[in-house]
Every structure is written in C-alpha cells, then in structure tokens.
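Hi there,

Here is the structure I promised to pass on.

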Amino acid sequence: MLGATGSIGTSALDVIGRHPDRLRATVLAAGCNVEALLSLCRRHRPLHAVVADEDCFEALRDGLREAGLDTRAHAGAGAIEELAASGECDTVVAAIVGAAGLPSTLAAARSGKRLLLANKESLVLAGELLMAAAREGGATVIPIDSEHNAIFQCLPPQPAGNGNAGLPDEAMRAQVARLVLTASGGPFRGRNRDSLRQVTVEQAVDHPNWSMGPKISVDSATLMNKGLEVIEAHHLFGLPGSRIDVLVHPQSLVHSMVEFVDGSTMAQLGLPDMRTALAVGFAWPDRIGSGVGGLDLLACGGRLDFEPPDTAAFPCLALAFRALEAGGTAPAVLNAANEVAVSAFLQRRVGFLSIAALVEETLAALPATAAGSLEVLREADAAARRHVGALVADAPVPA
Ligand code: NAD
Ligand code: MG
C-alpha cells in the first residue's frame, strides 16, 4: 500500500480490513507522516513500514518498537521501490500523489504485480513506458480512478495473462467507438472565468461529491484532473484523444461510459466512494463487500444531468488534450508544470487562474520533443519544474 496515509490509502485499508480471510496489508508506505503511519501499523500489523523521507526513519523505528510491533522500519524512495518489487506483496496499490509515485509504480509493473493504479500522474508522465513495463513484466493493471475503473468494468473481462496487462487488446479496441469520461465539474461548475479570480484555497479543495487529497481536489476545481484522466485513459485503453470525450455530470453517479461500434453504451453507476473501485481492484473478477451501499436513484434526487464542459472558464482541460495530441514530452511537461503550480496555489503564492496560465506558458516555452526513454521524460519533467518555479518566484503574491 503505497501512499497508505492518504485518501486512497485510507479507503484501501478500510476495504482490506473487511476481508481478513482474503487480504492482508504487508507493506505500508507513506511520505513523512510518521504518526499516521504508526497508527495504521497498530491496526494492520504489516511486515514492513516505510517512509520516503529519510529524516523520519528513527521516529518510525522507535514508534514501532514502543508499540511492541514486529514491523520492520525502512526509509527512502529506494526502499519503497524495492519493497514494491519484492516478494513481500503480490498486489501493489499505487496511491502516492504526483510524479514521486513513478519509480515505485514502475517497479511494481516490472515485477508482475497486480497493480491497482491510482497514481495517474505516473501514467501522464510516462504512460507508454509504464504500460510496456506492465506488459513485459506480466503485471495486471486495474485502474483505480473512478472513471477508468468504470470503463474497465464496462469492457468484457480479459483472460488472465492476456499479454496486455489485463487491458483491452487491439481486437477489442476496434469494437469500441469511444469512451465518455464523466466529470462532476468541481466546486466552481457554472461559474465564468472572471468570477474565479478571487477564489480561495478552502473553496477550491471543497469538492461537492468526493473527499480526496488536496492536490487532486484542486485539479478537480481547474478541470486539469479531467485532462490528466483523458491522457490516463489513452494509455490504459489504447484509444486516441479523438475517441475520448468528456461530459459534465454533476451528480457523480454515472462514473463513465463505453460506446461500442454497434450503438450500445455501457455505463457503470454507484455512489461516489473510492472503496468500490478498490474492492473491484482487489477481487477482480470476483466481487467483495466494500462498505459502500447500493445506489438508490430516487433517494439521490431521481435525476441524472449532463452538460458539456466549459473550456473557456476551465482551459486546463483543453491544454491536456493539446498535450496529448502533441505527444512526446508534452504530457510530462503539462504534469510537472501543473504539480508546481498547484502546490504554489495551495501555499497561496499564486491565484487560482494562475494555475492554467503557468501550465500554458510552460508548455509554450518547452515545445514537445520525442520521448523514447525515461531519462528524456525525467529531464522534461525537471525542466518544466525549473521553468514554472522561476515564473512563480517572479509572480506578485496575491492580495
Ligand atoms: P493524498 O494527498 O491524500 O495522499 C497521498 C499519499 O502519498 C500520502 O500517503 C502521502 O504520505 C504519500 N506521499 C506523498 N509524497 C510522497 C513521496 N514523495 N513518497 C512517498 N509517498 C508520498 O492523495 P490521494 O487523494 O490519496 O491521491 C493519491 C493518488 O491517487 C493521486 O495520484 C490521485 O490523483 C489519485 N486518485 C485519488 C483519488 C481520490 O479519491 N483521492 C481518486 C482517483 C485518483
Ligand atoms: Mg477520477
């Protein structure tokens, strides 16, 4: 469980705790929140606990000892990567936030794990390489993003070890006309661009339907989250951006749809709670309890609404489509610039509208080049972080 102390991590551990006969958390990894990690260790008694921040090692080791646990303490990104690839687990939940999750996600893919992939930034940054690693490593990839998990459920189940990481092969892709990703529209749906100038961090992270970590909550408010998801869907399901559409659906009950070439559309519905997707990931093709109740459409207001996304008010979605089309290093630049811009917004260094502006400026300053290797992608990621970091440093602090 990588990112154990986060929103996805907590949901995943809740599902695991419901099935002691079937599931056990053997490795818990987090960034630097030792107290939260120790509390999870007391509850789940893993074999290993690991913090990315090496300065937190002693606190973790001593805390485990004081709690009387046999759990072994580790620290450093390298330790997370090693444990993700090790025989200590057969399933990896990749739920670290941001590009920081790429090395461990790649390690799990290469070593043939069942990979419950929540860390969408790793797919945006290095989707081709990550999917190739999963195919070559014999991993099974199960998307843990409500939209992609919905699409996964709408597609016919793939035989185990289909050489395509359990995802659609070319023959199946030819039967799909398009994917329709639904979007809640976020907390600012219906507002025009000008009215977004003064929105606060508190308003931006206050999502109407989902409870999530701060970074993805801001991404949902800018619609960059949906843009990242379009790129994510492209890599997972092998379709071009021209066959991936976005539809705003404010109730967040229809989690996405697949339209087939015969005119059928399959949709997956459920309450907005990530434990459903996680239970699918753990048990697929079986079904297990997740703690999420069934859907009563009448109790949910008796209606499902749909509207087109407003890309004038929320330009990040269009920027992501453009980066996907440009290909090469462009998605890596988009992702890195967005991570830095969102972090600057969360630290109140720049205003909400600056997020899209900073990403756009960075994409223009660093035109796409071919991205054949991880090295090239890492360099593009670093260059984008430097570029947008300098722009942020020069920006006036918002009133
Ligand atoms: P979060 O901020 O709540 O949790 C992030 C976790 O990652 C924490 O455990 C933190 O300690 C850990 N972490 C941060 N930096 C790290 C580092 N450098 N090394 C190791 N661990 C590190 O985030 P979240 O909302 O749980 O999201 C996690 C991922 O799942 C993101 O990629 C997000 O886009 C994706 N996702 C989340 C949701 C959701 O409902 N929360 C839905 C779909 C996809
Ligand atoms: Mg999503």
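Before the first residue, one definition: helices here are DSSP runs of H or I with at least four residues, numbered from the N terminus. Please also keep in mind that this is a predicted model.

With that naming, threonine 5 sits in the segment before α1 (7-17). Leaving aside residues up to four places away in sequence, threonine 5 touches Thr10, Ala30, Asn33, Ala36, Leu37 and Leu40. An unreviewed UniProt entry lists Thr5 under "binding site", along with others including Gly6, Asn33 and Asn119.

Asparagine 119 belongs to the loop between β5 (114-117) and α6 (120-137). Asparagine 119 has a relative accessible area of 1%, so it is buried. Its side chain reaches the backbone oxygen of isoleucine 96 at 2.9 Å. Ile96 is also among the residues that asparagine 119 touches beyond four places in sequence, as are Ala94, Val97 and Thr105.

Finally, histidine 207 lies in the loop between α9 (201-205) and α10 (214-222). Histidine 207 is buried, given its relative accessible area of 10%. A polar atom of the histidine 207 side chain is 3.1 Å from the backbone nitrogen of tryptophan 210. Histidine 207 and serine 217 are 10 residues apart in sequence, with 6.5 Å between their C-alpha atoms. Beyond four places in sequence, the contacts of histidine 207 are Ser184, Gly186, Pro187, Met212 and Ser220.

Best wishes

Methods:
Residues are numbered from 1 along each chain as its sequence is written. Chains are lettered from A and ligands numbered from 1 in the order in which they are written. This is a predicted model: local features need pLDDT of at least 70, side-chain atom pairs count only at pLDDT 80 or more; totals for chains, interfaces and linings use all residues. Side-chain values use heavy atoms; hydrogens and water are left out. UniProt positions are given in the numbering used here, feature names are shortened, and annotations may be inferred rather than shown by experiment. Helices (H or I, at least four residues) and strands (E, at least two) are DSSP runs, numbered from the N terminus. Contact means heavy atoms within 4.5 Å. Buried means under 20% relative accessible area, exposed over 50%, partly exposed in between (1.4 Å probe, protein chains only). A polar contact is a pair of N or O atoms within 3.5 Å; within protein, one must be able to donate a hydrogen and the other to accept it, and residues adjacent in sequence count only if both atoms are side-chain atoms.
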